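Subject: Structure handover

Hello,

Here is the structure I promised you. Please open it next to this email and follow along.

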There are 2 protein chains.
Amino acid sequence: MKQLITLISALGILVACAEKKEQATTHSNSLSSEEKIDSTHIKNFFNTALTQGKSYEWLRDLTQNIGGRLSGSPEAEKAVVWGEKLMKEVGLDSVWLQPVMVPHWVRGEKEVANYTVNGVKKDVPVCALGFSIATPAKGITSEVIEVKSVEEAEKRGNELKDKIVFFNGAFDNTLINTFEAYGGCVGQRFSGARVCGKYGAKGVIVRSMTNGIDDYPHTGSMGYGDIPKNEYIPAAAISSRAAENLSKDLKENPNLKFYFKQSCETLPDAPSFNVVGEIKGSENPDKIMVVGGHLDSWDLGEGAHDDGTGIVHSLEVAYLFKKNNIQPKNTLRIVFFMNEENGLRGAKEYARLAKLNNENHIGGLESDSGGHTPRGFSIDANEKNTLLVKSWNKLLAPYGLHDLTTGGSGADVGPLKDDHVTLVGYRPDSQRYFDYHHTETDTFDKVNKRELEMGSASMASLIYLMDKYLYTKEPIKP
Amino acid sequence: MKQLITLISALGILVACAEKKEQATTHSNSLSSEEKIDSTHIKNFFNTALTQGKSYEWLRDLTQNIGGRLSGSPEAEKAVVWGEKLMKEVGLDSVWLQPVMVPHWVRGEKEVANYTVNGVKKDVPVCALGFSIATPAKGITSEVIEVKSVEEAEKRGNELKDKIVFFNGAFDNTLINTFEAYGGCVGQRFSGARVCGKYGAKGVIVRSMTNGIDDYPHTGSMGYGDIPKNEYIPAAAISSRAAENLSKDLKENPNLKFYFKQSCETLPDAPSFNVVGEIKGSENPDKIMVVGGHLDSWDLGEGAHDDGTGIVHSLEVAYLFKKNNIQPKNTLRIVFFMNEENGLRGAKEYARLAKLNNENHIGGLESDSGGHTPRGFSIDANEKNTLLVKSWNKLLAPYGLHDLTTGGSGADVGPLKDDHVTLVGYRPDSQRYFDYHHTETDTFDKVNKRELEMGSASMASLIYLMDKYLYTKEPIKP
């Protein structure tokens, strides 16, 4: 036996057991009797998700059988049918479709970009940005002017005329939360073409929004704002490695000519839907907690982490309530929002109708930050309710949900913002998110089953606590 | 501008900015002036690792140019040469090899396993367990008896005679820390053959140690203990999916015959080395903090998460100290331990020599839990020092290092345990770890660059704090 213990110790087993014992003790000692009840329900959500969860197979179906589903596409419409069917299968009290007209931008033919230095032609991984216009059919060729930000482009002003403006601002990799790095860069993607158009630039190419150096162009939205149509110029993303190389090549060959061609276009708005389902509240059926993600995605990958995971997280909240026989006091409404990526029309329409129908939303929870391992929640609420949510930290910490921060919630629940509404965004680990974001690599195989399931349980736990402790008797202001 | 803000809000940027602001404020307000100095050093470690880190390229080289490196193999010896060269390149004050004789088990030919039900032959993904004996050259065929644990096998006793015993205990997936689930199961892998041999079983097959259902056999150590050699029986792992299928098939066909063949053998011990390097302490050069991982790995994959990441984490601690011009007060010693996987000979020899030479180890930090996103540290120390390490929580939390738990440290620093020595294990997120553990899928591409780099910085930060706040003037007991 002694020999066995020595050997097993070497295998690290005793390590795990010792840690387990302490964790359990610390946990149960510090809870009130009411919190112990909550703790049991939360544990049940996690147990159910991790042993009988449906989210992973739902996600496989959505991503691999439907795939990328840009607003207005046939795939997006298939996803609506899929979502409605699945909500009914989960047994929600009622399920309906909420019509909404969505932008209908199409990518067209595979984009092409290249340039030649020292007699060597270099192909560049490229993709059009969403809402961009096409280049002329033969493409655009021009000298390149490199800048690091929209502000720098504005300063260069008339120097931009007839040039292709190359936005090469890189993520600040020292920021631990990679969404902050995205926030620091994405302005050039969104506004680069709008700003350069007025100075007569021919086109815009933007370094892809990612932490790493990879070979994939990362697409995403851009906008022309209110500039006149004759100032519209085409905008495309190039891979971060191509951006690094182009920057180097420009130092030695400042007059090199860059070529790109894209045939994207914006068609007339198309009819689509938010998919909505709910479990009626037993005590306050008129008070609504909305839980959602977005059903549309970019076209390049399978829309797995963005935002297939948010869709299956949200539906699994309802599944976990039902499976554990938890009847919400307030109405639990699941929404698969349409068109988050390029227009937010679904979210706006949902909020418009909520107001029109005098619905009383008391809370909203969104998952649109990927399906990685749980880290916490971001709270957008009044001070009292913010403190209340933060007070749940010891119930959530055993599941890795340590970060209960004040901040935004999500783009789709955001339009419901009101002093009486507690909005929350689920925040999983962000380190890998921008490896896949808006690229062809955002596929099912990048999602880990346990991490996904723990996300569902994290969200169910928060909604359980919101349902129990957080609601207002005040009606939403008309 | 209003339109721009609305649109950018939809992109989630304002979310990120709001969160950033709050995080920074909370952080700096709650620190003493001394802690602010520490906080700056820690931030510098992370900044350097995330922008100038070497760990990812080192890992690529170790895993892809050398690959799997089982003790006694030519690859393990290449890894020793690689490690010594790299330590010198990083500029450690001295680098040396510590000779140690290691077990030399070889897998032999690719293993084969199958069985036939209803006329259909089913091939089973299989691999021999480390230290197992071979089957006879023509393999073993026998009826199967399924059990879920070593205890159950003991109870079945003489029923096991002439059977192949199928250990089908599965991970408890409700355990959030997957190492606990491993701890609950691995006894059947380690001790199954030892226990069944004495009852005259012909062989043992074990369900792979993993959370999921996959098609890879996961290898690992087993041991025959002190049973007589004539009771040795061969032991192999089969994939978790094959285990599920076999269990089902046995219900309908309890007399089915299972076949497996393996040609592994244990050769005479082979010479090898721990690779050791150090930066001399400026104030207490005789007080040693050891930081390490293990250089050997199983043969099936590339030994990326187990434990290539621990190796490059450890060396990057020294690199980050040098790059930031931090001179440790105590001696910082980096050790690449040999033979953690099947024998722990390197760790035992290191500890034996430390005692023999009356070396004064004040601390040890090990990374052998993979290279995933940082979660915390496990502390194995006396009460005073445990509380001290836990008091650093607010310095570490901004980097996701929330879990400062009491428990084990690691198999390689474990033999240094003494009341005066503070031992710590780095604990990254565990959700994905057993997807790859001891299989052909433990390869470089499973490691995320930022997660790896943050691990190095996490460890450098802990060693910086240990160096500053934690040492004893008492010599280690002879």
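Below is what was found in it, part by part.

This is a predicted model: local features need pLDDT of at least 70, side-chain atom pairs count only at pLDDT 80 or more, and totals for chains, interfaces and linings use all residues. Residues are numbered from 1 along each chain as its sequence is written, while chains are lettered from A and ligands numbered from 1 in the order in which they are written.

Domains of chain A

Start with chain A. Its domain assignment gives domain 1 (32-105 + 268-469) and domain 2 (108-263); such bounds come from an automatic or database domain assignment. The C-alpha centres of the two domains of chain A lie 33 Å apart. In chain A, 15 residues of domain 1 are in contact with 16 residues of domain 2 (contact: C-beta atoms, placed from the backbone, within 7 Å). On the domain 1 side, helix H13 (residues 433-436) of chain A gives the most, with three residues. Helices (H or I, at least four residues) and strands (E, at least two) are DSSP runs, numbered from the N terminus. By class, that side of domain 1 of chain A has five nonpolar, seven polar and three charged residues. Ala, Val, Leu, Ile, Met, Phe, Trp, Tyr, Cys and Pro count as nonpolar, Asp, Glu, Lys and Arg as charged, and the others, Gly among them, as polar.

Strand pairs in chain A

Strands of a sheet pair through backbone hydrogen bonds, either parallel or antiparallel. Two strands pair if DSSP finds at least two bridges between them. Strand E5 (residues 140-147) of chain A pairs with strand E9 (residues 257-261) of chain A in the antiparallel sense, over four bridges. There, A:Glu143 stands opposite A:Lys257 in E9(A). E5(A) also runs parallel to strand E6 (residues 164-167) of chain A, joined by four bridges. A:Val147 stands opposite A:Phe167 in E6(A).

Two sheets in chain B

Now go to chain B. One open sheet has eight strands in the order E3-E2-E9-E5-E6-E7-E8-E4 (chain B), with mixed pairing. Strand E3 (120-123) and strand E4 (126-128) of chain B each have a single partner strand, so one side of each is left without a neighbour in the sheet. Strand E2 (residues 112-117) of chain B and E3(B) pair in the antiparallel sense over four bridges. The bridge partner of B:Tyr115 in E3(B) is B:Lys122.

Another open sheet of eight strands runs E1-E10-E12-E11-E13-E16-E14-E15 (chain B), and its pairing is mixed. Its edges are strand E1 (94-106) and strand E15 (403-406) of chain B. E1(B) pairs with strand E10 (residues 265-279) of chain B in the antiparallel sense over twelve bridges. In E10(B), B:Val276 is the bridge partner of B:Trp96.

A helix pair in chain B

How do H9(B) and H14(B) pack? Helix H9 (residues 304-323) and helix H14 (residues 449-469) of chain B make an angle of about 55°, with their axes 8 Å apart. Axes are lines fitted to C-alpha atoms, for helices over the stretch in contact, and angles run from 0 to 180 degrees between N-to-C directions. H9(B) and H14(B) are therefore oblique to each other. Angles under 35 degrees count as roughly parallel, over 145 as roughly antiparallel, 65 to 115 as roughly perpendicular and the rest as oblique. Residues that meet include B:His313 and B:Phe321 in H9(B), and B:Met459 and B:Ile463 in H14(B).

Best wishes

Key. Contact = placed C-beta atoms within 7 Å.
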